[in-house]
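Subject: Structure for you to look at

Hello,

Here is the structure I promised to pass on. Please open it and keep it in view while you read.

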Amino acid sequence: MTSLKAKLGILAAGLMLSGCMQTTSYQAAPEATLKPADKVQLAKARYAKVAVAEPFRRAIVDYHRRELPGTIVVDSDNHYLYLVQDGGKAIRYGITVGEEALAFSGIAKVGNMAEWPKWTPTADIHRRIEGLPASVPGGVDNPLGARALYLYQGGRDTLFRIHGTNQPEYIGASISSGCIRMTNEDVIDLYSKVKQGTIVVVLAPKQGDSPYNSKMALQGGGGNVMQ
């Protein structure tokens with residue numbers, strides 16, 4: 001009996017320890033980041049406000065890569081965007097990413113930022129999707145959503161963006177034309193925490209980690225690589 005109690009005690013301690021090790025904390029984007037204009041626009045949304053699946057909701061997680069605090073890291077394989085924080089933590093957001101043939105990877109900088117941006121489809125998008133207008137004014141029905149971060153390399157616009165979406169049901173999927181989509185609430189939150197010049201590391205395929213394991217492997221691409 002004593003031996004059984006001892007084994008049960010060890011098992012209980014192990015379970016408690018594993019519980020302490022799991023530090024993922026799901027937290028909705030704070031409403032304080034919403035401006036009055038944001039509230040007006042979001043109230044007019046005609047798209048279905050689908051709840052994002054729990055694994056892709058905004059969360060505070062452990063982070064063990066080498067990027068510096070303030071760096072944005074995109075794990076396209078697992079549909080996550082991380083904003084690296086101090087103390088081995090990161091804010092993790094669920095994202096929609098580009099289909100394999102259209103996906104972007106590499107190290108870039110935020111070269112421009114816009115609130116409720118207009119959308120100007122590229123020539124390539126016009127070739128693939130007929131009937132698009134030359135541009136779409138900013139607003140809640142715009143495919144770029146509430147915010148856009150424009151990714152630059154070598155001082156040039158890559159034409160890839162981190163932006164909002166009017167299709168939140170696709171968060172966690174790979175369907176976009178290469179850009180990185182977030183819910184409007186999440187991209188407003190991210191936008192409020194970064195600035196022009198922020199480093200963005202988009203991991204190449206197969207460089208990401210399991211979406212259920214917050215400890216990411218140590219790999220290259222530190223936040224101070226691109227000056």
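Predicted model: local features only at pLDDT ≥ 70, side-chain atom pairs only at ≥ 80, totals over all residues.

**The cavity**

Rolling a probe the size of a water molecule over the atoms shows where empty space is left. Here, one cavity of 30 Å³ or more turns up. The largest cavity has a volume of about 40 Å³. What lines the largest cavity? Val74, Ser76, Val97, Gly98, Ala103, Phe104, Gly178, Cys179, Ile180 and Val202 do. Sorted by class, that lining has seven nonpolar residues, three polar ones and no charged ones.

**Gly178**

Take one of the lining residues, Gly178. Look for Gly178 in the loop between β10 (174-176) and β11 (180-181). Its relative accessible area is 6%, so Gly178 counts as buried. Now find Gly98, also in the lining. In sequence, Gly178 and Gly98 are 80 residues apart. In space, their C-alpha atoms are 3.7 Å apart.

**Two positive phi angles**

Most residues other than glycine have a negative phi. His79 is not a glycine, yet has a positive phi of about 65°. Leu159 is not a glycine either, and its phi is positive at about 75°.

Where do they sit? His79 is in the loop between β3 (72-75) and β4 (80-84). Leu159 lies in strand β9 (residues 156-163).

Buried or exposed? His79 is buried, because its relative accessible area is 12%, under the 20% cut-off. Leu159 has 47% relative accessibility, so it counts as partly exposed.

Best wishes

Technical notes:
Residues numbered from 1 in each chain as written. Heavy atoms only, no water. Helix = DSSP H or I, 4+ residues; strand = E, 2+ residues; numbered from the N terminus. Buried < 20%, exposed > 50% of the residue type's maximum accessible area, 1.4 Å probe, protein only. 1 Å grid on protein atoms, 1.4 Å probe; cavity = no way out; pocket = protein on both sides within 12 Å on 5 of 7 lines; lining within 4 Å. Points joined across faces, edges and corners; volume = space filled by probe spheres on them. Nonpolar A, V, L, I, M, F, W, Y, C, P; charged D, E, K, R; others polar.
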